Every structure is written in structure tokens, then in C-alpha cells.
Amino acid sequence: SEQSAAELEYQGGCNGAQRELSGENIDAAATVTSPNAAPQDCAEAIRTAPITLDFAPSAGTNLCVVTSAATADAEGIDQKLALVTIDDIAEDGTIALTVSAWNIPH
């Protein structure tokens, strides 16, 4: 059977439930002000102002995340640093994202 893993998960929004963004396979996260943040900007934000990833997202949020090193090793893939910009959240709860990702060297 095929398995899939998700770094970020978006839930809720139905029947008045709170919408929430969470990250089970995330080692660290932080927000930054610019949707054009460089990898170095993300790394610095994660080092100096890390956040917990269970929160209600809003349009315009720029989120830097580092994927799980343990999961990457187990799957034989590179760990990633990603910048996730929440572009829009529609009234029905649909979320539009822009994602840039970089490999983290071993």
C-alpha cells in the first residue's frame, strides 16, 4: 500500500469549525514579514523567533518551516527549508498557497 506524509496540514472550516494549520513533520517554524524572504532570512527567523505550528492561518502570513530531519533520513530524501505564503483563504475555507523550498545540505 502506498503511504503519504504531509509536512503541513490544514483542517477545519466546516460548520463553523476553526481553521487550523499544523505541522506534524516539521522540526521548526517561524514567521517572516516578506513573501520574498531568502533562505538565510528564514533560518535567522527560526533561530531567533521560533513559533508553534498550531494556529489559525490568515491571508498574508509568510511562514518559514524546516521539515523533519528524521523523516527525511527515513525516506532517503533531503531535509527542506520552505517559505509558505498564505495568499488567500476563501469563504468556503479553501486556502491558496505559494511555496518555495530549498534543500538543506547534510
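Two strands count as paired here if DSSP finds at least two bridges between them. Strands themselves are DSSP runs of E with at least two residues, helices are runs of H or I with at least four, and both are numbered from the N terminus. With that in hand, let's look at this predicted model, where local features need pLDDT of at least 70, side-chain atom pairs count only at pLDDT 80 or more, and totals for chains, interfaces and linings use all residues. Residues are numbered from 1 along each chain as its sequence is written, and side-chain values use heavy atoms, with hydrogens and water left out.

Start with the sheet. It is open, built from four strands in the order β3-β4-β5-β6, with antiparallel pairing. Because β3 and β6 stand at the edges with a single partner strand each, one side of each has no neighbour in the sheet.

| Strand | Residues |
|---|---|
| β3 | 26-32 |
| β4 | 62-67 |
| β5 | 80-89 |
| β6 | 95-103 |

Nine bridges hold the antiparallel pairing of β5 and β6. Helix α1 (residues 39-48) packs on the sheet and touches β3, β4, β5 and β6, where contact means heavy atoms within 4.5 Å.

Now for the sulfurs. A disulfide, taken as a pair of cysteine sulfur atoms within 2.5 Å, turns up once in a search of the whole structure. The partners are C42 and C64, with sulfur atoms 2.0 Å apart. C42 sits in helix α1 and C64 in strand β4, so this pair links distant parts of the chain, 22 residues apart. The link is left-handed, with -60 degrees about the S-S bond.

Methods: Axes fitted to C-alpha atoms, helices over the stretch in contact; angles between N-to-C directions.
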